[in-house]
Amino acid sequence: MSIAVSSRASTPVAIVLAIGGLYVAQSVIGGITWAGLPAVMRDQGLPLDRIGLVSLIALPWALKFLWAPAVERYRLPPVGKNRTGTIVAAGGLVSIAGLWAVGALGPEAWPVLACLTIVAFAASTVDIACDGFAVQSLAKENHGWGNAAQVGGAYLGSAIGAGLFLLLVDAYGWRIAVWAMALLLLPLGLPFLLGVANRAREETREHVPSLLDALKRPEIRRGLAASAIYVLAQKAALAMLGPFLIDAGLDLSMVGLVNGVGSMFVGLAAALAGGALVKWFGPRNVLVLALFLQAGSLFFFSVFDFLGGFSTTALMAIAVLSSSGFMALGFVALYAQFMRWSDPRQAGVDFTLFQCMDALMSMAGGIAAGYAAQYFGYGAFFAGAGLVALLAAPAIAFVSDRH
């Protein structure tokens, strides 16, 4: 593996491991917010439409394209070393402080949503810098390692934030569980801050990162369309998976086990398999395959709700495959496309645009999912979501690269 720019001393393996720690930390926060918190709220008897409002915490992730150019201009000054480490340190401290406050407030308080929104703002800003650093620091032939760090780190973080977190809540209560997650962020960020972030070289840069420059490029417009289609079809319906499992009779520990085991083992294995499949068959074919597989799992949930007769073991197995396996398989391919469409001179801006569309569709889809499941029932909701996934397959094939 080789390095394109940015660091003299750091090897590509060191870079991948360091940014992998940052992606794990971001996903710990995401797991708590979008998987752990909804399950806890449902366990306490809150209605589904109110739980769906948790998706509003994704707003900073949907809007971070507004400040991404400023972050990139600060990160990449006209002359000097990149400042990725400064951004990561500041965002990490805000995230730790925010989670500490969340632990003190408790899961039912509306101020918790406000605190988690601030944490999401800090984490999304760190993500801008981290994504830009990854695309810029690794040569194109090593982008697959960056994808593995993103997706593998996301599932490992989700195993902690959505799995271990719920086990801790069940055993020790909300406050201890959240504070444990806050403390965990520190060791996850230190390898980056003490390692590759300190080894950047002095550079002179002529390009000024710009949102307008990104939007002029056809690759960016294709990427935005691909992100919208894929996330709506593959991801939005899973906002109701945790509440569905609770209502199906699983307790918080069992849901935590589904999330944790799924992310730790199935998600990581699927991410590695996705990387190999993308290399052999191209991102387009893998994206279509993942949509068909996800549609099948959503139809299973619908049949389970309508007819019953299946064991909870079967339900847990399909839930693991749906939320971890099929998701990881598809998102490795999607992120491979995003990296290819991003300009290394302003990768933080380009990649952020794609992720903002992801967050926007996740937020809108999560809110709609809550209302649909509440008023039409799980069976009709999951059947409709499966149909959307099937219809999305030809659309994603059209906008993706053919090669």
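The legends below go with close-up views of a predicted model.

**View 1. Helix α5 and the residues that cover it.**
Let's start with helix α5, which runs over residues 84–105. Its 22 residues reach 32 Å from the first C-alpha to the last, close to the 32 Å expected at 1.5 Å a residue. Just after α5 comes Gly 106, with a positive phi of about 95 degrees.

**View 2. Thr 33 in helix α1.**
Here we move to Thr 33, whose place is in helix α1. Thr 33 counts as buried because its relative accessible area is 2%, under the 20% cut-off. A polar atom of its side chain lies 2.9 Å from the backbone oxygen of Ile 29. Setting aside neighbours within four places in sequence, Thr 33 is in contact with Pro 38, Val 54, Ile 57 and Leu 116. For a sense of scale, look across to Ala 97: its C-alpha atom is 15 Å from that of Thr 33, and the two residues are 64 apart along the chain.

**View 3. Ser 27, also in helix α1.**
Staying with α1 (residues 12–43), this view turns to Ser 27. Ser 27 has a relative accessibility of 14% and so counts as buried. Neighbours within four places in sequence aside, Ser 27 is in contact with Gly 153, Ala 154, Gly 157 and Ser 158.

Asp 305 is found in helix α13, which covers residues 283–307. With a relative accessibility of 34%, Asp 305 counts as partly exposed. Not counting residues up to four places away in sequence, Asp 305 touches Phe 244, Tyr 378 and Gly 379. With Gly 379, the backbone nitrogen lies 2.9 Å from a polar atom of the Asp 305 side chain.

A search of the whole structure finds 21 aromatic pairs. One of them is formed by Trp 341 and Phe 354, an edge-to-face pair with 6.3 Å centre to centre and 65 degrees between the planes. This pair links distant parts of the chain, with Trp 341 in helix α14 (residues 312–341) and Phe 354 in helix α15 (residues 347–376), 13 residues apart. Trp 341 is buried at a relative accessible area of 3%, and Phe 354 is buried at 0%. Phe 381 and Phe 382 have ring centres 5.0 Å apart and planes at 55 degrees, so this pair is tilted. Phe 381 counts as buried at 11% relative accessibility, and Phe 382 counts as buried at 0%. Do look for the cluster too: Tyr 230, Phe 331, Tyr 335, Phe 338, Trp 341, Phe 351 and Phe 354 form one aromatic cluster.

**View 4. Arg 83 over the ring of Tyr 74.**
To finish, here is a charge and a ring: Arg 83 lies over the face of Tyr 74, at 4.7 Å from the ring centre.

Terms used:
Residues numbered from 1 in each chain as written. Predicted model: local features only at pLDDT ≥ 70, side-chain atom pairs only at ≥ 80, totals over all residues. Heavy atoms only, no water. Helix = DSSP H or I, 4+ residues; strand = E, 2+ residues; numbered from the N terminus. Buried < 20%, exposed > 50% of the residue type's maximum accessible area, 1.4 Å probe, protein only. Contact = heavy atoms within 4.5 Å. Polar contact = N/O pair within 3.5 Å; in protein donor to acceptor, adjacent residues only side chain to side chain. Expected span 1.5 Å × (residues − 1). Phe/Tyr/Trp six-rings, centres within 6.5 Å; stacked < 30°, edge-to-face > 60°. Lys NZ or Arg CZ within 6 Å of the ring centre and 35° of its normal.
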